[in-house]
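Student: Could you show me how to read a protein model, feature by feature? I would like the general idea each time, then the case here.

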Amino acid sequence: MLYSEGVTILENVSLAQYTTLGVGGPARWFVETGDEEEILSAVRFARARGVPCFILGGGSNLLVSDQGFNGVVVRVAGGALDWAQAGDGTASITAGAGAEWDAVVRLAVEKNGAGVECLAGIPGSVGGTPVQNVGAYGQEVSHSIVRVRALDLAAAKAVDLVAAECGFGYRRSLFNTTERRRYAITRVEYKLAIGAKPLLEYRDVKNYFAEHGVAQPTLAQTADAVREIRARKGMLLVADDADSRSAGSFFKNPVVRVEEVRRLAAIAGCRVADVPQFPAGWGFEPEDCVVKLSAAWLIELAGFQKGFAMGRAGLSTKHVLAIVNRGGATAAEIVALRDAVIEGVWARTAVRLEQEPVLLGFAAAG
Ligand SMILES: Cc1cc2nc3c(=O)[nH]c(=O)nc-3n(C[C@H](O)[C@H](O)[C@H](O)COP(=O)(O)OP(=O)(O)OC[C@H]3O[C@@H](n4cnc5c(N)ncnc54)[C@H](O)[C@@H]3O)c2cc1C
């Protein structure tokens, strides 16, 4: 253990314990704090040694290499939630980056604030939510984010970014693209609509309420339903569910030109209408209409089934989209399975899947 500028710095700390996949080697140096000054001190410590710094949240979207990370990992921990109601039918929750995201959802629905109910049960921290613009069941967190407070690690100062400055898109923001690793997010403000109806856009959620005979579910019922649906798919962290030892969806849903759907229907031998797809707006060129395909459907089309295993890495027995550590898996085994899925889907469909989790300690990722 070391001390630098009053900050406790641990050495050679296993990172597997800080990730939901439970895989990966050690961090050379490790700091846990929610304090902005301490984060900046840790950054200076890294700089003085000429090593990189990595900001860690809940580790639920992360694959750490078997070699670990030869730098300083700053785990952003702790953080309060502040509720403020405006007179115009809206309210806001301002949350410290280290707070648990699901606590924000619980507070929102308890106070009858709509906007994040379908994001219930997504693991990880508040600070992780803007990074890949978390989304589920038709909702994206970018629609609720007002402002992100972050430390600009290059300039060593705090900045406030309004949502329009965050570059949000499908599973993207400036934090995971153009300005990757530049910021440590310390606080996020979310806006909610008081008393508005829950979003019931996705089939799974609609079916759930149809089956349960609930015509007008409340926000709290919607959040609970989403958690239950997620649990059935192994997409909720449940201590005794081996299928939740994952990083959630390992692959993004590919966004393709609408004509691709016809080609894929021919490969699958099904009707165009039977290819799972969601409108994704207008795409690569102004005249292109694009759709979001289901990566899970493509993976199954390529012949991979739930529970498919390669060594100690496998696909979830509940959902082909999640790669699971079946017990003692190495990062190399996870990567081998990832590559087999990507190659298999490419060979069958000529669609290239992209990985969703962030890599740490791999040659290409740092
Ligand atoms: C079972 C399961 C289900 C999931 N379901 C979904 C889902 O439905 N939708 C979805 O979008 N995601 C889902 N995920 C992925 C994951 O939960 C989210 O991406 C989550 O927001 C990651 O937050 P985290 O705090 O765990 O981030 P980490 O995994 O710790 O980090 C991920 C990235 O965010 C960066 N980061 C984290 N905190 C900060 C910070 N304070 N400042 C700057 N950068 C930071 C890290 O540097 C890294 O680049 C799921 C994961 C699991 C395990």
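**Reading the model**

Tutor: Start with the domains. The protein is divided into domain 1 (2-76), domain 2 (81-232) and domain 3 (242-360). These bounds come from an automatic or database domain assignment. The centres of domain 2 and domain 3, taken over C-alpha atoms, are 24 Å apart. This is a predicted model: local features need pLDDT of at least 70, side-chain atom pairs count only at pLDDT 80 or more, and totals for chains, interfaces and linings use all residues. Residues are numbered from 1 along each chain as its sequence is written.

Student: What are strands and helices here?

Tutor: Both are DSSP runs, numbered from the N terminus: helices are H or I with at least four residues, strands are E with at least two. Two strands pair if DSSP finds at least two bridges between them.

Student: In what order do the strands of the five-strand sheet stand?

Tutor: The order is 1-2-3-6-4. The sheet is open, and its pairing is mixed. Strand 1 (2-4) and strand 4 are at the edges with a single partner strand each, so one side of each has no neighbour in the sheet. From one strand to the next, the twist averages 35°. Angles run from 0 to 180 degrees between N-to-C directions, and axes are lines fitted to C-alpha atoms, for helices over the stretch in contact.

Student: How many bridges join strand 4 and strand 6?

Tutor: Four, in the parallel sense; strand 6 covers residues 69-76. Ile 55 has Val 74 in strand 6 as its bridge partner. Helix 1 (residues 36-49) packs on this sheet, and its direction makes about 175° with that of strand 6. Helix 1 touches strand 1, strand 2 (7-14), strand 3 (26-33), strand 4 and strand 6. Contact has a cut-off: C-beta atoms, placed from the backbone, lie within 7 Å.

Student: What do strand 7 and strand 8 form?

Tutor: A hairpin, with four residues between the strands. Gly 89 in the turn has a positive phi of about 85°. Strand 7 (residues 81-85) and strand 8 (residues 90-96) are antiparallel and share five bridges. Trp 83 is opposite Ile 93 in strand 8. Ile 93 also has a bridge partner in strand 14, Tyr 190. Strand 8 and strand 14 run antiparallel, joined by seven bridges.

Student: How are two packed helices described?

Tutor: By the angle between their axes and the distance between the axes. Take helix 3 (residues 203-211) and helix 4 (residues 219-232): their axes come within 10 Å and cross at roughly 110°. Helix 3 and helix 4 are therefore roughly perpendicular. The classes are: under 35 degrees roughly parallel, over 145 roughly antiparallel, 65 to 115 roughly perpendicular, the rest oblique. Helix 3 brings Asp 204, Val 205, Tyr 208 and Phe 209 to the contact, and helix 4 brings Thr 222, Ala 225, Val 226 and Ile 229.

Student: How many residues surround the ligand?

Tutor: 35; the closest are Gly 57, Gly 124, Gly 127, Gly 128 and Gly 248. A residue is near a molecule or strand if its C-beta atom, placed from the backbone, lies within 6 Å of it. The elements giving two or more residues to this shell are strand 4 (53-56), strand 10 (135-136), strand 14 (183-194) and strand 15 (246-249).

Student: How do the shell residues divide?

Tutor: Into 19 nonpolar, 16 polar and no charged. Nonpolar means Ala, Val, Leu, Ile, Met, Phe, Trp, Tyr, Cys and Pro; charged means Asp, Glu, Lys and Arg; the others, Gly among them, are polar.

Methods:
Contact = placed C-beta atoms within 7 Å.
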